[in-house]
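Keep the viewer open as you read.

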Amino acid sequence: MSANSPARKRSDRVANLQVDSFWNGWWDRLTQRAAMIRVLMAFAFAAIITVAIQGWNPPFAYRQGYIPPRAIVARVYFEMIDSNKTATLRSLAAREVICLYENRPQQIAQLRGAVKEQALRLRGPDKFDALSVAKLDTLDQFLPSQRAESSISPQDALAAIQSVLAEDGQIEKFDSAIRRVLLPFEETGLLKNLSHAIEGGNQRFIKVFTTGQEQDAIEVETSRVRIAEVSASIGESLTKEFRREFNTPDAEVVGGLVWNFLQPRLPETLMFRPDLTELARRQKELSVVPAKFTYFPSKTTMVAAGVPIKQDDIQVLRAEYAAWIQQQSLAEILIRLAAYTGMIMALYLLCGLFIHYQFDRSLLTDTWKLARILGLASICLLLCTVTAKDPWRAEVAPFVIFAATATIAYGRSITLVLLTALALAVTLSLGMDLAEFVILMSAGASTTLLLGRIRTRNRLIKITAIAAIVTGFTTIGVGVMVGQINGITNEIEAVSVVDLMQTGSGSNYWDNWTFLRQLGQEAFRNSLATILAGMLMTGLLPYVESIFEVQTDLSLLELGDASHKLLRQLAQRAPGTYNHSINVAAIAESAADSIGAHGLLVRVGAYFHDIGKMFKPTYFIENQAQGANLHDSLQPAMSTLVIIAHVKDGADLARQHHLPKPFIDFIEQHHGTTLVEYFYRKEAKKTENDPNAEEVPESTFRYPGPKPQTIEAAILMLADAVESAARTLVEPTPNRLQNLIDAITMKRLTDGQLDECSITLAQLNTVKHSLLKSLTAIYHGRIKYEQQTA
């Protein structure tokens, strides 16, 4: 400070001191574009859940079989269609429907022509004794079938017909009289008996229509078309008509003779049409106004206390629920929506803080990973909501699938936290109680804790079978302790569970065997849902591995098969590299297992970590035969490019053959950003004696990285380095191997290669001991035997 500069006050120095607050740091991170996208995505999933579940409405919490300890009374005024009474009214309406009959009047017209034709055959001056056999048969048709003493004789009948038809003009009168009698029946038709049953329609009236004129059907009383009822009236009408037309004593006789001819030949011209009648019946039923039962708020009881809810009761409760929902005010809807949204935000915060402080933060900072975990939870919540309804009531199944998927993708610790949050969301969304929360958690937690490593295809089924037993016993235990689990109550007319288990008490409503049966059915349903979830998860396993970019032991064992196409090519093109990879895999797996890391993943990943060397195998020392080294003719920088290229070539080859992402990460990270020291020092030595030469930049001789991001990648880096270096030792004694491992490990530490993974110094020390043990076993000493001489 110069002498002329003014002295700064303490307050000025304090004011100039900038200290970033906690909230400023959070705000800066949240306002970044990527962070804003993740926040918006979280809100989008919350909105989808809220809309799908209708979070602004209170849940419908009743299920079939539930026994309310208190009577359920209507909260609002509503009307419910009385299905039984409505069905009765419709049945009565169906009985009163007027059935349709199709009339074919041509038969009556033909009959009228036939009687005229037969009467004309008897016309003429022929006496009875002179009639031919044919005319005698014709005359016989006009005589009564059963002749009494009072019946007219054939001679008198013949004389009466000949008298009436003596003149030509009387023939038209004869036909007119018959036509006037039969014409009404040509319009309405005739039938012997109704073709429809009593319950099939009206028995007093029918509707008659001529063929093709259904719209002009007329309503007719059945007594006017039934042959048995109209026969007497037809005979009387014929007598009257003939008397009026001819006004002779023989006219009445001829009218009776004509009736004798017509009576046995009256045709049935009406045909029942069940198709049109059924259509009319349906229209009649639809026209019936449904009978309704009115429910009054705080007065009408919908379900009595201590009585299991049946399917009909569920319909009434849903109608009351719908009426109640419609009467909600806007303020109530907004309050409910805010509460539901607040619940989701609280669960977001709970899980997010745990992941941020206790787990892999990339689940929150990586947009794709965050989308997967949010999508998984959202799908599970929606499926639980759908399957929880009657008659399935299988919300346990999607919950178990979520538990298995999350355990495979993220591990046990985070899955248990997610299960707790999801069980709370499902329970609150469905309006259920603590019992349902405990059952869901028992199914999900048992699956998560038992899952472990999946090495066989039936592993998931075995695990879920055990989880099903746990879930079943939990259901029974909760049912006994809480006293109410989907149809079981400990208070029926003030009767406790202990009383129910004794004989006598509470037998009016619910005996002990019913209690045990209901409880067993609920336990069996939950257990069956758990087992079915395991079977379904077995089929979904390959898709889970693909979507969440994870590998189970089962898929790793398949990839680690020596007959894999890439491994066979590696063995053929670069046998030295293949042998090196096998050794690295063996020592890396032991090191990973020693600290609880994924040893199988490291072993199989090590098989493929150097596949990029297949393109130029002879440029790597392990594949070179004794003789000239190809690098002797290259500049150090060019040799470095050739050496480093095997990382990029290997990653491209792995992507081309669709190897899992962890394997690609191993290939890219097993060298990190380490220095290719041999060629770097060779290049540096060339410039030592040249004072004008520029300093050799290290960046040119470093691998592109990235550095190891996981413990498994770090272990593979160390195993690869120590296995290669151990080959250079003339006498690999345990002490020399120990010094080599310590030196390489320290070099990786000081170079910052392990800064981006979560391996600790304690774990690193354990890994070093495991590597030493494995290398000592590989390079163990052997006894030298003196050569035998002949």
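Arg-112, Asp-175, Arg-179 and Glu-186 are linked in a network of salt bridges, where a salt bridge is a side-chain nitrogen of Lys or Arg within 4 Å of a carboxyl oxygen of Asp or Glu. Before going further, please note that this is a predicted model, in which local features need pLDDT of at least 70 and side-chain atom pairs count only at pLDDT 80 or more, while totals for chains, interfaces and linings use all residues. Residues are numbered from 1 along each chain as its sequence is written, and side-chain values use heavy atoms, with hydrogens and water left out.

Side chains of opposite charge can pair when their charged atoms come close. Searching the whole structure gives 35 salt bridges. One of them joins Arg-75 to Glu-320, with the closest N and O atoms 2.9 Å apart. This pair links distant parts of the chain, 245 residues apart: Arg-75 sits in the loop between strand E1 (72-73) and strand E2 (78-81), and Glu-320 in helix H12 (residues 311-326). Helices (H or I, at least four residues) and strands (E, at least two) are DSSP runs, numbered from the N terminus. Are the two partners buried or exposed? Arg-75 counts as partly exposed, at 40% relative accessibility, whereas Glu-320 is buried, with a relative accessible area of 3%. Here buried means under 20% relative accessible area, exposed over 50%, and partly exposed in between (1.4 Å probe, protein chains only).

Another pair stays within one helix. The side chains of Glu-278 and Arg-282 form a salt bridge at 3.5 Å, N to O. Because they are four residues apart in helix H11, about one helical turn separates them. Glu-278 is partly exposed at 31% relative accessibility, and Arg-282 is exposed, at 52% relative accessible area. A further salt bridge brings together the side chains of Glu-668 and Arg-655 (2.8 Å, N to O). Glu-668 belongs to helix H27 (residues 661-669) and Arg-655 to helix H26 (residues 636-656), so this pair ties together parts that are 13 residues apart in sequence. Arg-655 is partly exposed, with 41% relative accessibility.

Now turn to the strands. An open sheet of four strands has the order E5-E4-E3-E6, with mixed pairing; two strands pair if DSSP finds at least two bridges between them. Its edge strands, E5 (218-221) and E6 (270-272), each pair on one side only. On average, neighbouring strands of this sheet are turned by 40° against each other, direction ignored. Axes here are lines fitted to C-alpha atoms, for helices over the stretch in contact, and angles run from 0 to 180 degrees between N-to-C directions. Strand E3 (residues 100-103) pairs with strand E4 (residues 205-210) in the parallel sense over four bridges, and Tyr-101 stands opposite Val-208 in E4. Helix H11 (residues 274-286) packs on the sheet and touches E3, E4 and E6, its direction making about 145° with that of E3. This is the helix that holds Glu-278 and Arg-282.

Strand E2 has a partner too. Four bridges join E2 to strand E7 (residues 292-295), and the two run antiparallel. Glu-79 has Thr-294 in E7 as its bridge partner. The covered face of E2 carries Phe-78 and Met-80, and the uncovered one Glu-79 and Ile-81.

Next comes a loop. Gly-431 is found between helix H17 (412-430) and helix H18 (434-451). Gly-431 and Ala-61 are 370 residues apart in sequence, yet 4.9 Å apart in space, C-alpha to C-alpha. Leaving aside neighbours within four places in sequence, Gly-431 is in contact (heavy atoms within 4.5 Å) with Pro-59 and Ala-61. Gly-431 is partly exposed, at 31% relative accessible area.

Thr-405, in helix H16 (residues 396-410), is buried, with a relative accessible area of 4%. Ile-547 lies in helix H21 and is partly exposed, with a relative accessible area of 44%.
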